[in-house]
Amino acid sequence: MITRVVKAVGDPVADRKVMEEAAGIIKAGGLVAIPTETVYGLAGNALDPASAKRIYAAKGRPSDNPLIVHIARLEDIDTIAGDIPEEAYKLAERFWPGPLTMIFHKKDIVPRETTGGLETVAVRFPVNKIAQEFILASGGFIAAPSANVSGRPSCTTAAHCMEDLDGRVEMIIDGGEVGIGLESTIVDMTVKPPCILRQGYINTQMLKEVLDGIDRAEGEATAKEHPKAPGMKYRHYAPKGRLTIVRGNTEGVANEINRLVRERERDGYITAVIAAHENKDRYEGAIVKDIGSLRDEDMIAHRLFAVLRELDDAGVEYIYSESFDTPRLGEAIMDRLLRASGNSIHEIKEEC
Ligand code: TXA
Ligand code: MG
């Protein structure tokens with residue numbers, strides 16, 4: 001299959017031809033990679049079991065890992081979901097369109113192939129204009145997991161999509177770099193109180209401002225046997241090199257990472273360090289990736305997946321990362337980093 005990459009700008013008039021073509025592909029059961037505000041998605045018709053199967057095959061994803069259904073009109077939620085609690089409308093009013101996914105009981109129109117066999121459906125209304133135009137042109141209900149091949153870091157550019165999906169999808173819509181860079185926050189609305197299944201840009205504090213109570217599932221990085229979001233049980237975002245996170249006071253972390261780097265370099269391995277802008281000059285002997293300033297956590301979130309891919313491209317075998325426990329996005333950033341490391345975290349004890 002030839003994969004075409006086409007540009008879109010988020011203007012219905014300028015994008016008309018692209019959207020017509022993309023919608024034709026979706027309606028014929030094909031696949032299109034699309035930008036959203038979080039990460040690129042691998043899109044197919046959510047109401048067609050055969051399209052869902054093609055998504056799993058293209059992504060190399062186990063078919064018990066459900067897909068998020070994307071809509072572009074609030075009222076469309078009633079077509080696919082039932083028993084929607086009042087609190088969901090409050091969240092929708094505050095955060096939709098935007099990087100929030102809510103889980104509801106599904107209606108029969110949604111095939112089990114899309115929901116990985118579950119009786120629930122995850123629904124998201126993205127704010128990205130290109131995504132919205134595409135969803136509406138394609139019939140209103142789009143299943144889209146993150147566009148990466150299963151296990152690889154999520155895609156934040158069309159070039160990343162091409163690396164993973166060339167020959168596996170009919171089209172990639174290039175809408176430039178995504179804004180946020182981390183996947184949506186997922187909240188299960190079928191339980192009381194609602195339960196956060198995946199951390200994202202909409203953080204716990206923001207959800208608490210709208211909801212009376214909220215639970216948090218066991219950390220995605222650590223849930224193994226029966227996680228509430230089936231995707232949590234799979235290793236995610238894994239770079240090819242072995243990633244270890246080192247956490248503690250700045251100087252202790254730098255000393256320990258430099259020691260580990262020296263050890264690996266002595267054995268002939270290619271090593272890299274992921275460091276905050278403020279600390280990058282503390283490291284020596286390895287490739288040093290400046291992920292952004294600790295005062296700009298949006299940038300750290302935005303760069304994380306791209307940095308992991310750059311380290312793959314450089315053939316790095318051992319990666320040491322600082323910990324980024326920033327106030328607003330720290331939970332989401334560390335969730336992704338921990339999973340990328342397979343939970344390999346090294347705590348430096350304060351010396352007294
Ligand atoms: O930001 C995002 O959410 C991106 C963009 C493309 O919209 N999509 C995304 O999809 O991250 P994906 O498939 O990579 O991650 C969806 C997660 C998986 O962990 C999956 O198990 C969980 O959502 N999920 C989907 N439907 C579910 C359901 N009915 N119940 C529980 N978890 C569900
Ligand atoms: Mg994913």
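How many helices and strands does the protein have? The protein has ten helices and 17 strands, where helices (H or I, at least four residues) and strands (E, at least two) are DSSP runs numbered from the N terminus. This is a predicted model, in which local features need pLDDT of at least 70 and side-chain atom pairs count only at pLDDT 80 or more, while totals for chains, interfaces and linings use all residues. Residues are numbered from 1 along each chain as its sequence is written, and side-chain values use heavy atoms, with hydrogens and water left out.

**Overall form**

Along its principal axes the C-alpha trace spans about 60 × 50 × 35 Å. With 352 residues, a compact globule would have a radius of gyration near 20 Å, and the protein agrees with this at 20 Å; the radius is taken over C-alpha atoms, and the globule rule is 2.2 Å times the number of residues to the power 0.38. Of the 352 residues, 59% count as buried, where buried means under 20% relative accessible area, exposed over 50%, and partly exposed in between (1.4 Å probe, protein chains only). Among contacts with a separation of 6 or more, 69% come from residues 24 or more positions apart, a contact being heavy atoms within 4.5 Å.

**Helix H9**

Helix H9 covers residues 297-313, and its end C-alpha atoms are 24 Å apart, which agrees with the 24 Å that its 17 residues should span at 1.5 Å a residue; the expected span is 1.5 Å times one less than the number of residues. H9 has a kink of about 40° centred on Leu304, the bend at a residue being the angle between axes fitted to the seven residues ending there and the seven starting there. Because twelve of its 17 residues are buried, H9 is largely enclosed by the rest of the structure. The buried residues of H9 include Ile300, Leu304, Phe305, Arg309 and Asp312, and the buried residues of this helix pack against helix H6, helix H10 and strands E14, E15 and E16. After H9 comes Gly315, with a positive phi near 70°.

**Salt bridges**

Side chains of opposite charge can pair when their charged atoms come close. The count comes to 26 salt bridges, each being a side-chain nitrogen of Lys or Arg within 4 Å of a carboxyl oxygen of Asp or Glu. Three of these pairs are set out below.

| Pair | N to O distance |
|---|---|
| Glu163 and Arg152 | 3.8 Å |
| Arg295 and Glu278 | 3.7 Å |
| Glu331 and Arg216 | 2.8 Å |

Glu331 lies in helix H10 and Arg216 in strand E12, so this pair ties together parts that are 115 residues apart in sequence. Glu331 is partly exposed at 34% relative accessibility, and Arg216 is partly exposed as well, at 49%. Arg152 is buried at 16%, whereas Glu163 is partly exposed at 41%. A network of salt bridges links Arg152, Glu163, Asp164, Arg309 and Asp312.

**Backbone features in loops**

The peptide bond from Trp96 to Pro97 is cis, with omega near -5°, and Pro97 sits in the loop between helix H4 and strand E6. Another cis peptide bond runs from Lys192 to Pro193, with omega near -10°. Asp83, although not a glycine, has a positive phi of about 50°, and Asp83 is exposed, with a relative accessible area of 65%.

Terms used:
Chains lettered and ligands numbered in written order.
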